[in-house]
Amino acid sequence: MKQSRAMSLIESVANVIVGYGVAVVTQIMIFPVFGLHTTLAQNLKMGAVFTVVSIARSFALRRVFESIRMRSAK
């Protein structure tokens, strides 16, 4: 069964929200191990940057693989 566009959107939004949370929590736990001490506000901002980069990366890879799929379908 094919996934609807609405469900694809919901899945994508959920993935971004969970990824953002994981990024922030990971930074809070790992940065001190490497001697980096940041405030919660800084962690939230860095998490946002990483999230935007992740979305761009994911989009680019999806387009590359879709292009490959379309070429092989010919």
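Predicted model: local features only at pLDDT ≥ 70, side-chain atom pairs only at ≥ 80, totals over all residues.
Residues are numbered from 1 along each chain as its sequence is written, and totals for chains, interfaces and linings use all residues, whereas local features need pLDDT of at least 70 and side-chain atom pairs count only at pLDDT 80 or more. Side-chain values rest on heavy atoms, with hydrogens and water left out.

The protein contains 2 helices and 0 strands (DSSP runs numbered from the N terminus, with H or I and at least four residues for helices, E and at least two for strands). Along the principal axes, its C-alpha atoms fill a box of roughly 55 × 25 × 15 Å. The radius of gyration is 17 Å, while a compact globule of 74 residues would have a value near 11 Å (taken over C-alpha atoms; the globule rule is 2.2 Å times the number of residues to the power 0.38). Of the 74 residues, 9% are buried (under 20% relative accessible area, with a 1.4 Å probe and protein chains only).

And what lines the largest pocket? Among its 18 lining residues, S12, N15, V16, S58 and R62 are the closest to its centre (on a 1 Å grid over the protein atoms alone, a pocket is an open set of points where a 1.4 Å probe fits, with protein on both sides within 12 Å along at least five of seven lines; lining residues have an atom within 4 Å of a point). Both α1 (5–30) and α2 (40–73) supply at least two residues each, and α2 gives the largest share, 9 residues.

Methods. Buried < 20%, exposed > 50% of the residue type's maximum accessible area, 1.4 Å probe, protein only.
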